[in-house]
Amino acid sequence: MTGKKGMVSVVLLNWNGKRFITDCLRTLFEQDYRPLELIIIDNASTDASPGDISVFLENTPKPDGDFRVVYKENKANLGFSKAMNQGISMAHGEYILLCNFDIRLNTDFITEAVNAVNEAPDVGGVSGKLLVWHDGGDSNRLIDSTGMFLDYFRTPIDRGQGEADNGQYDTCRDILCPCGALPLYRRTMLEDIKIDKGFFDNTFFAYYEDMDLGLRARLRGWRFLFCAYAVAYHYRGGASKLFGRADRKKVMLAQMEAIKNRYLMMVKNERFTTIVVHLPYLVPYEIIRFFYLLLRFPKCMKSYFRFIMTLPTALKYRRIIQASRTVSNSYMRKYILSRNRALTSGV
């Protein structure tokens with residue numbers, strides 16, 4: 001990359017991340033990219049992580065160069081979408097890197113990701129190579145994500161997840177969208193797809209919000225790339241694993257949110273002509289899933305009620321999204337793959 005570099009704003013969202021947050025902050029402070037702005041949002045954590053953030057910021061020397069830090073503590077847990085929208089609205093950067101607290105980045109992650117997003121003006125964002133963050137170190141390099149696709153059941157698939165990293169995904173290529181744990185977005189893309197002052201859909205408390213944003217961007221003609229040279233480590237499910245067995249109520253709420261948001265994502269972004277070819281997969285899947293939840297997890301049936309309650313807003317958004325789309329149905333179908341193909345070759 002040549003010429004003047006645009007600012008990158010990193011929005012780091014923390015929620016009860018005491019186990020991970022200091023390591024995450026350290027690797028962000030070690031990034032070699034400038035100018036860099038770090039916006040830390042604590043989403044009403046109930047553990048000691050807000051104090052750990054304050055101690056780190058007070059005792060860690062500010063990196064050299066154009067490096068700015070902002071720290072905000074929310075009084076209530078706004079959920080992923082609203083809190084990330086909050087952070088993006090505070091940001092000044094030409095590029096926005098969203099970061100989960102259970103992430104560690106290689107020193108040149110941001111540099112490589114920015115280089116990739118600048119390959120073409122229609123590239124709206126980049127996924128790096130996310131490897132599994134092991135408690136015992138990184139010697140066993142397993143892939144967490146090399147970009148996301150959708151399968152025939154409309155379930156997001158992280159390409160290569162669980163495979164040993166032997167360089168099989170080291171070709172930088174087109175993907176449907178980046179995993180929401182660490183996506184780099186071009187700000188102009190985010191502004192282009194903004195609805196009701198939200199970049200992410202504020203009706204999505206958590207789950208599916210990254211795929212929903214990716215689909216909206218694709219419908220507007222933006223592309224997303226996988227960059228093999230931008231490497232980071234992700235402790236998959238770091239937030240949800242903090243619930244443990246002691247808080248099954250919150251786990252159940254999370255499952256209901258995922259069920260609701262999957263349907264909202266489909267209502268907003270798909271036309272019947274893109275769904276109809278996959279009805280032989282979808283119809284049996286929906287029937288089996290409905291009765292499985294009814295018999296095994298009856299409380300999750302509330303997710304269907306929540307979907308119906310949110311449907312009027314989703315239909316309003318659908319009209320906006322479909323009226324402004326610039327690509328064909330056949331273009332979108334390229335990114336809806338069999339599960340095996342999504343996990344391996346991709347598009």
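Student: Two strands pair if DSSP finds at least two bridges between them. How many bridges join β8 to β9 here?

Tutor: There are 3, and the two strands run antiparallel. This is a predicted model, by the way. β8 covers residues 148-151, and its F149 stands opposite I157 in β9.

Student: What's the strand order in that sheet?

Tutor: It goes β9-β8-β13, an open sheet of 3 strands with mixed pairing. The edges are β9 (156-158) and β13 (336-337). Each edge strand has a single partner, so one side of each is left without a neighbour in the sheet.

Student: OK, switching to aromatics. How many aromatic pairs turn up in the whole structure?

Tutor: The search finds 16. One of them is F80 with F200, with ring centres 5.7 Å apart and planes at 75 degrees.

Student: Why does that pair count as edge-to-face?

Tutor: Planes over 60 degrees apart get that label, and these are at 75 degrees, so the pair is edge-to-face.

Student: Where do the two residues sit?

Tutor: F80 is in helix α3 (residues 79-90), while F200 is in the loop between α5 (187-192) and α6 (209-219).

Student: What sort of pair do Y263 and Y304 make?

Tutor: A tilted one, 5.9 Å centre to centre with 40 degrees between the planes. Y263 lies in helix α8 (residues 248-269) and Y304 in helix α11 (residues 302-324), so the pair ties together parts that are 41 residues apart in sequence. Both tyrosines are buried.

Student: Which residues do ring pairs link to Y263 and Y304 in a cluster?

Tutor: F290, F291 and F307. F290 and F291 show up again in a nonpolar surface patch of about 560 Å².

Student: Which other residues make that patch?

Tutor: V283, I287, L294 and L295. V283 is found in helix α10 (residues 279-296), and it is partly exposed, with a relative accessible area of 42%.

Student: New topic. Which rings does the charged end of R104 sit over?

Tutor: One is the ring of W133, where the charged end is 4.7 Å from the centre. Another is the ring of Y233, at 5.1 Å from the centre.

Student: How covered is α6?

Tutor: It is mostly covered: 11 of its 11 residues are buried.

Student: What follows α6?

Tutor: G221 does, and its phi is positive, near 95 degrees.

Student: Last one: where is I143, and is it buried or exposed?

Tutor: I143 lies in strand β7 (residues 143-145). At 1% relative accessibility, it counts as buried.

Student: How far is its C-alpha from that of I288?

Tutor: The two C-alpha atoms are separated by 30 Å, and the residues are 145 apart along the chain.

Terms used: Residues are numbered from 1 along each chain as its sequence is written. This is a predicted model: local features need pLDDT of at least 70, side-chain atom pairs count only at pLDDT 80 or more; totals for chains, interfaces and linings use all residues. Side-chain values use heavy atoms; hydrogens and water are left out. Rings of Phe, Tyr and Trp (its six-membered ring) pair if their centres lie within 6.5 Å; planes under 30 degrees apart count as stacked, over 60 as edge-to-face and the rest as tilted. Helices (H or I, at least four residues) and strands (E, at least two) are DSSP runs, numbered from the N terminus. Buried means under 20% relative accessible area, exposed over 50%, partly exposed in between (1.4 Å probe, protein chains only). A charge sits over a ring if NZ of Lys or CZ of Arg is within 6 Å of the ring centre and within 35 degrees of the ring normal. Patches are made of residues with over 30% relative accessible area and no salt bridge: like charges are joined within 9 Å, nonpolar side chains (Val, Leu, Ile, Met, Phe, Trp, Tyr) within 5 Å. Accessible areas come from the Shrake-Rupley method with a 1.4 Å probe; for residues, only the protein chains shown count as cover. A salt bridge is a side-chain nitrogen of Lys or Arg within 4 Å of a carboxyl oxygen of Asp or Glu.
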